[in-house]
Amino acid sequence: MPARVVVLGGGVGGTLVANLLSKRLRRDVRVTVVDPTGMHAYQPGYQYLALGQANGRWLVRDERTLLRTDVDLVVEPAIRVHPDAGTVQLARGGSLDWDYLVIATGARLAPELVPGLTEGSYEFYSLEGAQRLREALRRFRGGRLLVGVAGIPYKCPPAPVEFVFLVEEYLRRRGIRNRSEVRLLSPLNRAFTIESASKVVQPLMAQRGIELTTFFNVESVDPSSGVVSSLEGEKAEFDLLVLVPPHRGQDVVVESRLGDASGWLPTDRTTLQVEGHERIFAIGDATNLPISKSGSTAHFEAPVVASRIAALVKGSAPRSNYGGNVMCFLETGNRQGTVLRFDYEHPPAPPQPSAIWHSAKWLFNRMYWGVVPQGRLPERMPIPVPRGRSTE
Ligand SMILES: Cc1cc2nc3c(=O)[nH]c(=O)nc-3n(C[C@H](O)[C@H](O)[C@H](O)COP(=O)(O)OP(=O)(O)OC[C@H]3O[C@@H](n4cnc5c(N)ncnc54)[C@H](O)[C@@H]3O)c2cc1C
């Protein structure tokens with residue numbers, strides 16, 4: 001009898017792991033993907049949508065068209081995992097049995113955690129949010145435009161920095177930059193989590209007149225007076241506020257009592273097993289791993305999980321380990337960008353922004369649908385080590 005693998009979530013990680021497993025194990029496996037919408041979104045495109053540079057059709061595809069034909073797709077939410085029974089309960093009353101379970105349910109946006117955030121701010125972290133922001137930007141005639149994050153961790157740490165560069169350029173193109181203040185509110189002592197990249201982007205922000213306010217941990221938003229307040233006791237006035245909402249793990253993780261206090265799955269950093277559960281694996285944004293929540297992370301984790309499950313099904317010892325590989329492009333506006341490549345051992349050493357990395361990001365944006373879900377890109381990425389530093 002083939003091994004039964006259930007994959008929760010048909011996003012970047014879930015789709016890739018399902019396809020890789022079916023390709024590797026063929027008749028020895030029965031893979032089922034469970035997803036509430038049956039639609040797969042290319043989330044990095046949301047910021048281009050908000051800026052009027054992309055449309056929703058480009059960003060969303062039917063999940064069925066991305067899965068190999070021998071992978072089953074169930075379109076409904078999973079509501080509870082029963083690890084001891086080896087089952088997962090589905091929203092419409094059914095359940096699925098599994099020998100191995102992969103949880104790739106991503107992150108949930110939790111705007112309700114910050115008073116006033118839903119009514120008083122815009123975001124580009126969901127399709128609907130990006131569409132609303134696009135309309136708000138069209139109506140914007142100049143004023144105080146603030147961009148910030150309302151909680152850590154959040155997916156794609158460079159995205160708010162990219163957005164602030166791109167929106168500054170957008171205002172210039174519309175001829176309203178001189179009437180606008182553009183400011184990034186960061187909860188940290190720098191532009192964003194990754195120190196070496198902050199050192200590259202901060203001088204560029206200063207050159208473009210983009211202000212940076214550090215140690216601004218958003219506490220609440222007052223939509224009527226147009227003021228955002230921080231836990232540190234500061235207040236910032238805005239005409240247009242763009243805030244990345246707080247992120248949490250999905251309800252299914254919480255209901256299954258598998259997650260930590262924020263709903264992230266305690267995950268082994270190399271085997272990607274959920275701690276205490278040999279047959280349950282976690283990938284992508286759903287884990288508690290202290291690395292970027294990004295599509296690239298999910299992309300490099302999926303082959304490790306596929307390889308480990310394939311070995312277990314064949315009765316051999318799993319040998320593939322995740323080394324923390326991540327690779328993300330970072331747009332810096334004016335058709336330039338840089339790249340962040342790192343792993344557990346090597347922090348990123350981003351090159352000075354250039355047209356090459358902007359073009360590489362756009363090439364990747366175009367290629368995504370035809371290469372990533374199918375596993376046509378390399379399963380690992382070498383990390384360039386700056387001269388003078390040893391790889392040992
Ligand atoms: C604006 C923006 C820009 C970004 N830019 C980049 C970038 O440049 N590079 C990069 O690498 N990453 C980027 N990311 C991050 C990237 O999109 C995510 O990190 C990536 O999608 C995570 O993959 P995942 O498989 O873990 O989760 P997702 O792709 O989010 O998929 C999770 C899936 O789980 C499903 N699900 C949810 N609940 C349930 C349930 N109860 N049962 C079953 N299924 C469920 C969801 O419907 C979804 O399909 C960006 C994100 C945003 C928002």
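Modeller: Pro153 sits in the loop between strand S11 (143-149) and helix H6 (159-173). The peptide bond from Ile152 to Pro153 is cis, with omega about 5°. This is a predicted model, in which local features need pLDDT of at least 70, side-chain atom pairs count only at pLDDT 80 or more, and totals for chains, interfaces and linings use all residues. Residues are numbered from 1 along each chain as its sequence is written.

Now the sheet. It is open, has 4 strands and runs in the order S13-S12-S11-S17, with parallel pairing. Strands pair if DSSP finds at least two bridges between them. S13 and strand S17 (240-244) are the edge strands; each has a single partner, so one side of each is left without a neighbour in the sheet. From one strand to the next the twist averages 20°. Axes are lines fitted to C-alpha atoms, for helices over the stretch in contact, and angles run from 0 to 180 degrees between N-to-C directions.

S11 and strand S12 (residues 180-185) run parallel and are joined by 6 bridges. Leu146 stands opposite Arg183 in S12. H6 packs on this sheet and touches S11, S12, S13 and S17. The direction of H6 makes about 175° with that of S12. Contact means that the C-beta atoms of two residues, placed from the backbone, lie within 7 Å.

Next, phi. Most residues other than glycine have a negative phi, and most peptide bonds are trans. Phe215 is not a glycine, yet has a positive phi of about 50°. Phe215 lies in the loop between strand S13 (210-213) and strand S14 (218-222). Phe215 is partly exposed, because it has 13 C-beta neighbours inside 10 Å. The scale counts other C-beta atoms, placed from the backbone, within 10 Å: buried at 20 or more, exposed at 12 or fewer, partly exposed in between.

Arg335 also has a positive phi, near 60°. Its loop runs between strand S20 (326-333) and strand S21 (336-342). Arg335 has 13 other C-beta atoms within 10 Å, so it too is partly exposed.

Last, the loop between S21 and helix H10 (355-371), which holds Pro347. Leaving aside neighbours within four places in sequence, Pro347 is in contact with Ser196 and Phe342. Pro347 and Glu195 are 152 residues apart in sequence, but 9.2 Å apart in space, C-alpha to C-alpha.

Notes:
Helix = DSSP H or I, 4+ residues; strand = E, 2+ residues; numbered from the N terminus.
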